[in-house]
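Welcome! Have a look at it first, then try each task before reading on.

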Amino acid sequence: MTEVEAGGSGAKPGHNQESALSTLWRRSQRYCMIGLFSAIAVAVYLTPLQKFFTMGRYQHYGITISLFGLGYILQTIWSWKTFTKWARVSYLSTGVFFAVVGMTFYENPWLDARMQMQRSDQETWKVGFIALYVLSTIAIVSVWMRWIKEETAAKKLPREKEMEV
């Protein structure tokens, strides 16, 4: 290990800053598409789409939620080679979840009671949607927990090898 790697005083002025910037860039690669599509979703949310064509409030929410989910899906594609199996599964399942929730809101304007009168069968569907999304959320959380355990174990392994030497 060189003195610069060890954090010694032999580093050139500004070298640590460049290293920090490159580290920040490398770490942000994992979130760039999510950040971009989150910003797009916020812009769509703040745009009064109802002034341009007829749509309900939940349909507007659905578009923004779907855009957010699309960010996760595109991030998975963007980072496919650098992601582990569980990272891919986590991001894809999260993206598909948000995209499906958004499309459900968009395709079912009756979810907003102010937009359209709800029938009794639609009330049953509403309860079914809620149950399905709660179960999906539990499944996604378990996938993310598996990924967190995998990453934590991978980080501990090099430290334990260093201690042995």
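**Exercise 1. Find the residues that Tyr72 touches, not counting residues up to four places away in sequence.**

Step 1. Search for contacts, meaning heavy atoms within 4.5 Å. With those close neighbours in sequence set aside, Tyr72 touches Ile34, Tyr91, Thr94, Gly95 and Trp144.

Step 2. Helices here are DSSP runs of H or I with at least four residues, strands are runs of E with at least two, and both are numbered from the N terminus.

Step 3. Is Tyr72 buried or exposed? Its relative accessible area is 14%, and buried means under 20%, exposed over 50%, partly exposed in between (1.4 Å probe, protein chains only). Tyr72 is therefore buried.

Step 4. Compare sequence with space: Tyr72 and Phe97 lie 25 residues apart along the chain, and 9.9 Å separates their C-alpha atoms.

A word on the source: this is a predicted model, in which local features need pLDDT of at least 70 and side-chain atom pairs count only at pLDDT 80 or more, while totals for chains, interfaces and linings use all residues. Residues are numbered from 1 along each chain as its sequence is written, and side-chain values use heavy atoms, with hydrogens and water left out.

**Exercise 2. Check the span of helix H3 (residues 57–78).**

Step 1. The expected span is 1.5 Å times one less than the number of residues. For the 22 residues of H3, that should come to 32 Å.

Step 2. The end C-alpha atoms of H3 are 32 Å apart, so the two values agree.

Step 3. Now look for buried positions in H3: among them are Gln59, His60, Gly62, Leu67 and Tyr72.

**Exercise 3. Do the same for helix H4 (residues 85–107), then follow Ala99.**

Step 1. H4 has 23 residues and should span 33 Å; its end C-alpha atoms are 32 Å apart, which agrees.

Step 2. Buried residues of H4 include Trp86, Tyr91, Phe97 and Ala99.

Step 3. Leaving aside neighbours within four places in sequence, Ala99 is in contact with Ser66 and Gly69.

Step 4. Ala99 and Gly62 are 37 residues apart in sequence, yet 8.4 Å apart in space, C-alpha to C-alpha.

**Exercise 4. Describe the protein chain as a whole.**

Step 1. Count the elements: the chain has five helices and zero strands, giving the pattern α-α-α-α-α along the sequence.

Step 2. What percentage of the 165 residues counts as buried? The value is 27%.

Step 3. Of the contacts in the chain with a separation of 6 or more, 62% join residues 24 or more positions apart.
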